[in-house]
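Subject: Structure for you to look at

Hello,

I am handing over the structure we spoke about. Please open it and read the notes below alongside it.

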Amino acid sequence: MGAMRAIQITRLDGPEAVQLADIDEPSGDDAVVIDVHAAGVAFPDALLTRGLYQYKPEVPFTPGAEIAGVVRSAPDGAGVAPGDRVAGLTMLSGGMAEVVALQPDRVFKLPDAVSFEAGAGILFNDLTVHFALRTRGRLTDGETVLVHGAAGGIGTSTLRLAPALGASRTIAVVSTEDKIAVAKAAGASDVVLAEGFRDAVKTLTDGRGVDIVVDPVGGDRFTDSLRSLAVGGRLLVVGFTGGEIPTVKVNRLLLNNVDVVGAGWGAWTFSHPGYLREQWAELEPLLASGKVVAPQPEVYPLERAAEAIASLENRTAKGKVVLKVR
Ligand SMILES: NC(=O)c1ccc[n+]([C@@H]2O[C@H](COP(=O)([O-])OP(=O)(O)OC[C@H]3O[C@@H](n4cnc5c(N)ncnc54)[C@H](OP(=O)(O)O)[C@@H]3O)[C@@H](O)[C@H]2O)c1
């Protein structure tokens, strides 16, 4: 077992405390060992630096939920071989390192056209959004999808995927003017500002509302999101970057015949063996053919991980954020 460079969280006082360290490489007899080229950064990494995520590992630990790289070794029957370009899910921690060891069901061959940097930004968000729209949200052809935090990771993923999954229109909600171009570049049909979004949506949809709201933000927008749903609409609860966990007055659901639907992808994958494979079987051809374009992430070198993670916490991140590891 050799040594490797990895990002470590040693204290729970925010992204500034994140450090680059030399630690032992991971090993695992049944695992696929991968030389990591790029590692994705996601909002849970920011929460982890403050001990605010529901998963609370002992310090020191390495954050990072997803990677892309090259297989160094693989057990028989893993479906990948040494030299294969892959993307992989560490799911919660361990990704921001030069080497990871993953169970074979968390490793996916990367289409040739997708770079390591883009590949490290696909799995965590795209599979969440695929799960939210398809499995939980029951998206059907011709529906309209609104997404909050539209210039963020989940947001840009929703804008890239929703049309390929049947949506005929996407409405992106962003907080500031400087994020409009990010949402447009990810494919938004329309972009509106969070301030006053309910009226803007009403105008854009001639009073009808939208079929699905993808909500990674929560907070005080929630009631206006419910009011923005068309009859039969679904509000998908994906996360709470806004901080506050909203409450629902259920008479609104009855009066307007709308649903509030929880979309917790990680937990679903643990209780549904084989689900990740099914998801990738649907997503991979869409990426390989270009029907879904790969993310165009903001790339930081590994040694600037603190800054990269802080950009999610301080809301300056534009699109997906990825670390270049080698
Ligand atoms: N349910 C699941 O299975 C699942 C899976 C993956 C991620 N998630 C969750 O999804 C959420 C989004 O993750 P992400 O990686 O897409 O994050 P991200 O890239 O940082 O995007 C989040 C967006 O939230 C908005 N936001 C509103 N208030 C904010 C605040 N106070 N602080 C920071 N951002 C704020 C920002 O957009 P504006 O500035 O334009 O408002 C930002 O672009 C997180 O809560 C994450 O834990 C859930």
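Predicted model: local features only at pLDDT ≥ 70, side-chain atom pairs only at ≥ 80, totals over all residues.

Ligand site

The ligand is surrounded by 26 residues, and Gly153, Ile154, Ser175, Lys179 and Ala263 are the closest of them. By type, the shell consists of 13 nonpolar, 10 polar and three charged residues. Four helices each supply at least two residues of this shell: α1 (43–48), α3 (123–136), α4 (153–161) and α9 (265–271).

- Ser175: an N or O atom in its side chain is 2.6 Å from an oxygen atom of the ligand.
- Arg221: a polar atom of the side chain lies 3.2 Å from a ligand oxygen atom.
- Val238: here a polar backbone atom is involved, 2.9 Å from a nitrogen atom of the ligand.

On its own the ligand would expose 910 Å², and the protein buries 90% of that area.

Val261

Val261 belongs to strand β13, which covers residues 259–262. Is Val261 buried or exposed? Val261 counts as buried because its relative accessibility is 7%, and the cut-off for buried is under 20%.

Setting aside neighbours within four places in sequence, Val261 is in contact with Arg136, Arg234, Leu235, Leu236 and Val237. For one of these, Arg234, the separation from Val261 is 27 residues in sequence, while the C-alpha atoms are 6.7 Å apart in space.

Regards

Key. Residues numbered from 1 in each chain as written. Heavy atoms only, no water. Near = heavy atom within 4 Å. Polar contact = N/O pair within 3.5 Å; in protein donor to acceptor, adjacent residues only side chain to side chain. Areas by Shrake-Rupley, 256 points an atom, 1.4 Å probe, with all protein chains shown as cover. Nonpolar A, V, L, I, M, F, W, Y, C, P; charged D, E, K, R; others polar. Buried < 20%, exposed > 50% of the residue type's maximum accessible area, 1.4 Å probe, protein only. Contact = heavy atoms within 4.5 Å.
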